[in-house]
Structures are given as structure tokens and as C-alpha cells.
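This briefing is meant for a reader who is meeting the structure for the first time. Please look through the sequence and the model before reading the points below.

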Amino acid sequence: MGFGLLKLNSNLSPKLCDLYVNENYRGNGIGSSLIRHREKLARKLGYSEIFVSVDPIGNPKMIKLITKLGYKRINEPYSRTALFHNEDGTTYEQTYTRVDLKESLN
């Protein structure tokens with residue numbers, strides 16, 4: 001039905017990553033449950049806040065969801081360029097937009 005990751009980087013605060021819910025199951029609270037479970041894990045590990053980085057142009061539904069869950073924007077949208085790999089092993093660069101948000105776990 002769906003999945004999501006909680007990325008931990010040494011001393012940095014945790015980050016929600018790669019949240020996905022199958023289109024047939026969207027709108028049933030699964031995304032919210034996936035996020036809340038990762039928040040619970042981060043809290044249990046002793047963290048006081050959690051971050052997420054979202055493409056506001058390509059994923060406005062995620063912006064709406066995390067805002068509804070209390071996440072606050074901490075910066076203006078910015079561009080990033082990354083190197084991606086095709087199935088055949090070739091690479092390409094792509095520029096995309098991101099905005100970072102955070103939520104207190106207290």
C-alpha cells in the first residue's frame with residue numbers, strides 16, 4: 001500500500017524521505033500514518049524535531065499533507081541539481097525545486 005523512510009545522519013535531525021502511497025489507497029490516511037509512525041520512531045530515538053524536503057511544484061499534495069500535520073516551512077523554495085542513473089547505466093543531470101519543512105516532536 002505504501003512506504004516511507006526515516007533517514008538518520010549522525011548528529012543531524014532525522015528526515016522523512018521517499019514517502020509513497022499507491023494511488024489506489026490515497027486519501028485513506030495511510031500517508032499520515034506512515035509519517036506519524038516515523039515521527040514516533042524519531043521521538044523514541046531521542047530527537048526533538050524532524051525535517052522533510054519536498055518539491056512544491058511536482059508534489060503539491062505532499063505539501064498539503066505535511067502542512068496539515070503541523071510541519072512549518074523553514075525556507076523559500078530553492079533549486080538543486082543532481083546526477084541520476086538510467087537503467088542502462090547512463091547518467092543525466094536534472095534540476096528540481098525543493099522547500100524544507102520541520103515539525104517539533106515534543
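The model is predicted, so local features need pLDDT of at least 70 and side-chain atom pairs count only at pLDDT 80 or more, while totals for chains, interfaces and linings use all residues. Residues are numbered from 1 along each chain as its sequence is written, and side-chain values use heavy atoms, with hydrogens and water left out. Helices (H or I, at least four residues) and strands (E, at least two) are DSSP runs, numbered from the N terminus.

**The nonpolar core**

- A nonpolar core is a set of buried Ala, Val, Leu, Ile, Met, Phe, Trp, Tyr and Cys residues joined through side-chain atoms within 4.5 Å, where buried means under 20% relative accessible area, exposed over 50% and partly exposed in between (1.4 Å probe, protein chains only).
- The largest such core has 15 residues, and those that touch the most other members are Ile 35, Ile 50, Val 52, Met 62, Ile 66, Tyr 71 and Leu 101.
- At least two residues of this core come from each of α1 (30-44), β3 (49-54), α2 (60-68) and β6 (91-104).
- When neighbours within four places in sequence are left aside, Ile 66 is in contact (heavy atoms within 4.5 Å) with Ile 35, Val 52, Val 54, Tyr 71 and Leu 101.

**Helix α2**

- In α2 the buried residues are Met 62, Leu 65 and Ile 66.
- Seen down the axis of α2, these buried residues fall within an arc of 90 degrees, so they line one face of the helix; the arc is that of the directions from the helix axis to the C-beta atoms.
- Lys 64 and Lys 68 are exposed on the other side of α2, whereas the buried residues of α2 are covered by elements including β2, α1, β3 and β6.

- Two strands pair if DSSP finds at least two bridges between them, and β3 pairs with β6 in the antiparallel sense over six bridges, with Glu 49 having Ser 104 in β6 as its bridge partner.
- Strand β4 (residues 72-73) runs antiparallel to β6 and is joined to β6 by two bridges, and the bridge partner of Lys 72 in β6 is Lys 102.
- Strand β5 (residues 78-85) is also antiparallel to β6, with eight bridges joining the two, and Phe 84 stands opposite Tyr 92 in β6.
- The hairpin of β5 and β6 has five residues between the strands, and Gly 89 in this hairpin takes a positive phi near 95 degrees.

**Aromatic pairs**

- The structure holds three aromatic pairs, a term for rings of Phe, Tyr and Trp (its six-membered ring) whose centres lie within 6.5 Å, with planes under 30 degrees apart counted as stacked, over 60 as edge-to-face and the rest as tilted.
- The rings of Phe 3 and Tyr 20 have centres 5.8 Å apart and planes at 35 degrees, so this pair is tilted.
- This pair links distant parts of the chain, since Phe 3 lies in strand β1 (residues 2-7) and Tyr 20 in strand β2 (residues 15-21), 17 residues apart.
- Phe 3 counts as partly exposed at 44% relative accessibility, and Tyr 20 counts as partly exposed at 36%.
- Phe 84 and Tyr 92 form a stacked pair, 5.6 Å centre to centre with 25 degrees between the planes, and Phe 84, Tyr 92 and Tyr 96 form one aromatic cluster.
- Phe 84 is partly exposed at 30% relative accessibility, and Tyr 92 is partly exposed at 34%.
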